[in-house]
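Reader: Could you walk me through this structure, starting with the residue contacts and then moving on to the pockets?
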Amino acid sequence: ALGYGTNQTAYMPRYRLYTNKSPILTCTNQNDRFTVEDTSKGNGVLTYPVGLITADEMSMGGAVYGSSNSSYYLYTGSTYWTMSPYSFNSGNAVEFSVRSNGYINSNLVYSTNGVRPVLSLKSDISVTGSGTQSDPYEVQ
């Protein structure tokens, strides 16, 4: 499991969510912590602080690998990618996604799924609005 080139690789989110069912929100490798300017906590390579949701975040929000669930707050009824890698094997990249029936799955990257961008806000940020077209969220 070297994680580069054409080597067969199983990534840590696969182990955490598929094997031992223990999602986390921390990232042990500083090079994988994407930040805008902060190079003491992250890698400082982002231009815009927007990303995709992780499979670990989906799991903590109520999604379960391989099990349908439409009763959690992150459920949308749509299929979309997470930013969490699953594996690389025989020239195929496999990524975690969330299916329209609410379960976490793994898909070959050439599959057509949507994306769900996320923002991480500091605790002192105020958010108003209901998120509808007539009352959009406003971040202050």
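Author: Leaving aside neighbours within four places in sequence, I104 is in contact (heavy atoms within 4.5 Å) with A55, M58, S59, A63, V64, Y65, G66, F96 and S97. This is a predicted model, in which local features need pLDDT of at least 70, side-chain atom pairs count only at pLDDT 80 or more, and totals for chains, interfaces and linings use all residues. Residues are numbered from 1 along each chain as its sequence is written, and side-chain values use heavy atoms, with hydrogens and water left out.
Reader: Which residues touch the most other members of the largest nonpolar core?
Author: They are M58, Y72, F96 and I104, in a core of 14 residues; such a core joins buried (under 20% relative accessible area, 1.4 Å probe, protein chains only) Ala, Val, Leu, Ile, Met, Phe, Trp, Tyr and Cys residues through side-chain atoms within 4.5 Å.
Reader: And which element gives the largest share of this core?
Author: That is β4, with three residues; strands here are DSSP runs of E with at least two residues, and helices are runs of H or I with at least four, numbered from the N terminus.
Reader: Switching to pockets, what volume does the largest one have?
Author: Its volume is about 1500 Å³, where a pocket is an open set of points on a 1 Å grid over the protein atoms alone, fitting a 1.4 Å probe, with protein on both sides within 12 Å along at least five of seven lines, and lining residues have an atom within 4 Å of a point. Of its 34 lining residues, C27, D32, R33, F34 and M83 are the closest to the centre.
Reader: Which residues line the second largest pocket?
Author: P117, V118, L119, L121, V127, Y137, E138 and V139 do, and that pocket holds about 240 Å³ of space.

Definitions and conventions. Points joined across faces, edges and corners; volume = space filled by probe spheres on them. Buried < 20%, exposed > 50% of the residue type's maximum accessible area, 1.4 Å probe, protein only.
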